[in-house]
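Q: I've got a new model open and I'd like to learn how to read it feature by feature. Can you walk me through it?

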Amino acid sequence: MADVTLNRSAAVEAARGDAQGKAANPASPRKLSRGMLCSLPVLLTLLLGFVAPLATVAAYAFATPRSFDVFRSFTLENFETIFDPANTVWTSFVWSLALATATVVLLAIIAYPIAWGLARVFGRWAGFVSVLFVFPLFVSENVRLYGWSLFFIKNGVLDGALKLIGMAGPDVLYTPGATLFGMVYVYLPFMLFPMVLGLAMVPKELVEAARDLGASRLMIWREIELPLAMPGIMIGMLLTFVLAVGAVAESKILGGQSVIVATHDIEIAFTYAQNWPLGSALALILTVIVGVLSLVAISRLDLDRILGRR
Amino acid sequence: MTGISKRDVLKIMGGAALAGPFVNMQSAFAARDKELNILCWEGYNSAQVLDPFRSEKSANVKAESLTNDPTMINRLRAGETKVWDLINVNNPWARKIMYPEGLIKPLPKDEFEPFFEKMLPQFKAPYRWAMSDDGKELLGMAQRFGPYSFVVNTDKVSRKTAEEQGWEIFNDPSLKGKYGILESDDWNVFNIFLIAGLNPFKEHDAAELEKFTETAKRIFGGAKLVGDIAAMNQALVSGEIDLHMTGGTYSVSPARADGHPNLRAVTPLKGPIDGKGGVAWIEITSTVNNPNLSPLATEFLKHVQDPAVAHTVAFAEGTFNPVAQMGNKACFDLFTKEELDAIQYDSLEEEMSRSAEYDIVPDYDKALEILTAAKRAKG
């Protein structure tokens, strides 16, 4: 206790000294602070790698359709085309958002017990199990999805094996269900690891205390574990949703384009349609939708607590 | 403290902004005699084709492959003429789009026209698709080509039936759910028109577009899957589908070479394009209108005319195709019986004669919109 008091006093003194130093140096406001200086590389990277491309896409969205008059023309024609009641592009957005939502819900249910096991049960094996979940990420997503295609295809691994025992494989390939399966498979690690982080933040003592006080397992889960792990769960959900809403390979390879997702429509606009402004307008709308949803979710998160600053 | 002020940072940024254009200018006018950038369909980007040229010229050769023409053309339109030296696309683009738009520059006729004399008879100079509209300028070199209509599993649908029925086969309700569609939407526009009994390469009136709409909805609605070449061949081999719309030697040759000779590209006996039912493509490789074009661009075009290199191009990774240089005995003799079988050489001439050449669809934008909506309606 004495150590803590001493450390606090030293910190207060240091802060006071720093404040006095600043007051004694009137030229300092013109200088870049050390924090600003340190953040310059990140700021520049963000400016060039994130803001600039996004601004270009946004500018293209307001350019004359089927032209490259970016920054030289301004029109709302691309948005008029998209919001035209006769245009069915909205169905692609609905499919993207619905598939992403379903992926998040399914992954929350699937990943939670695994995360709980990694945080509480597997002990020294947790590292090995984590590697098993991470390892597929080293293989290209397309290769993995083609692998699943061979698994589900007629006379493939599943159908062929079942035929040996006189049964037939289910006809699931090239359906929206196969697309959803692919998304759940691909995005599992992105839900799992933030969830593990969240569950690892739940103090064991708190769970034990609740148990000593007679709380049931369900009550412990509902009143202690879930609320305390929620920041990690929310980050997993957010990450998964943002990635899943932009997914296209799953609907192409496993889904056989049984549904067209928003990113596929964007791709068509940029390629076969030779209409970059329309593709940019579609991309901008998707970005805004995902951005708003993400901001709402982030506003409910206490990032400082998750990162252990408090 | 570091002593760097906001003023210093502004000075650095200002300096960088001023220096930027000069840096670009320097790179723009830097010697490019050891550098070549190729925008192409897959095959030309393979190490088998590029590595010997790289070694021979001690050059840094970069090639980016794409799988549709409109994307490549748009890259040039977006300002990438400064980046690329060669562009390899299908036949109508050089003559009808890229040259009129100033995206490519002509080749020296005296140097390149003699190569056409050694090509297959239909490519003899002046070869229409290699020439400008006025017939004065040579705009590119021909190499790979092939018929491209549809592909069947002959164990399920005989070649004779497929050829005789032609595009009408896709109107057969009993085949619903038994066919696939290759994800190649520019070609799908042609083929939906053909299934609707219409010539794709002319302006269409409202009634014809209505027919196109109905056909597109029905054909996409009845497809088992829409996918790339790998997906189509996989589905044909496994028995998921019996045939697929849009495809030809280019798409099925890898499966045939892999031991599936029962999969066969088919060209209808007749159809609505002045009696022809098939469509064929011919690649034309042109020099980009790059302000600082690499001298290696024309060197590479000469390099791929060599019989051995032309054979390598025909059997580069990805897809296997006939090449115009097969007209040269030295080149033709390099093809084994198995290779000729993979590219269906036995019927190549008759299939090409039954095919119209790939052309621009005047109302492509509208047709693609309808087709994309039909794809969405499938869900």
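Predicted model: local features only at pLDDT ≥ 70, side-chain atom pairs only at ≥ 80, totals over all residues.

Q: What share of the residues of chain A count as buried?
A: The idea is to count neighbours: a residue is buried if 20 or more other C-beta atoms lie within 10 Å of its own. By that test, 31% of the 310 residues of chain A are buried.

Q: What does UniProt list for chain A?
A: An unreviewed UniProt entry lists residues 93–297 as "domain: ABC transmembrane type-1". In the model, that stretch is 77% helix and 0% strand, with its end C-alpha atoms 20 Å apart. The unreviewed entry also carries the annotation "transmembrane region" for several spans of chain A, including 121–139 and 224–249.

Q: How do those two spans look in the coordinates?
A: Residues 121–139 of chain A are 53% helix and 0% strand, and their end C-alpha atoms lie 28 Å apart.

Q: How far does helix α2 of chain A reach, and where does α2(A) bend?
A: For reach, compare the end-to-end distance with the span expected at 1.5 Å a residue. Helix α2 of chain A (residues 34–61) has 28 residues and runs 39 Å from first C-alpha to last, close to the expected 40 Å. For bending, compare the axes fitted before and after a residue. α2(A) bends by about 45 degrees at A:Leu40, and a proline, A:Pro41, follows within four residues. α2(A) is also hardly covered, with two buried residues among its 28.

Q: Next, backbone angles. What should I expect of phi and of peptide bonds?
A: Most residues other than glycine have a negative phi, and most peptide bonds are trans. Now for the exceptions. A:Asn155 is not a glycine, yet its phi is positive at about 60 degrees. A:Asn155 sits in the loop between α6 (141–152) and α7 (157–164) of chain A. A:Gln257, also not a glycine, has a positive phi near 55 degrees, and lies in the loop between α11 and α12 (262–270) of chain A.

Q: Where is the cis peptide bond?
A: Look at omega in chain B: the bond joining B:Ala125 and B:Pro126 is cis, with omega about -5 degrees. B:Pro126 is in the loop between α5 (109–116) and β5 (141–153) of chain B.

Q: How is chain B divided into domains?
A: The domain assignment gives domain 1 (35–145 + 282–345) and domain 2 (146–279 + 358–378). Their centres, taken over C-alpha atoms, are 27 Å apart. Across the boundary, 16 residues of domain 1 of chain B are in contact with 16 residues of domain 2 of chain B. On the domain 1 side, α4(B) gives the most, with three residues. By class, that side has seven nonpolar, six polar and three charged residues.

Q: Why does B:Met245 count as buried?
A: Because 26 other C-beta atoms lie within 10 Å of B:Met245. B:Met245 is found in strand β8 (residues 243–248) of chain B, and among the residues B:Met245 touches are B:Phe150, B:Tyr179 and B:Asn191. B:Asn191 is 54 residues away in sequence, but 7.6 Å away C-alpha to C-alpha.

Q: Finally, how many residues are in contact between chain A and chain B?
A: 29 residues of chain A are in contact with 32 of chain B. α4(A) gives the most to the chain A side, with three residues. By class, that side has 14 nonpolar, 11 polar and four charged residues.

Key. Residues numbered from 1 in each chain as written. Chains lettered and ligands numbered in written order. Contact = placed C-beta atoms within 7 Å. Nonpolar A, V, L, I, M, F, W, Y, C, P; charged D, E, K, R; others polar. Buried ≥ 20, exposed ≤ 12 C-beta atoms within 10 Å, placed from the backbone. UniProt positions renumbered as here; feature names shortened; annotations may be inferred. Expected span 1.5 Å × (residues − 1). Bend = angle between axes of the 7 residues up to and from the residue. Domains from an automatic or database assignment. Lists of a residue's contacts leave out its neighbours within four places in sequence.
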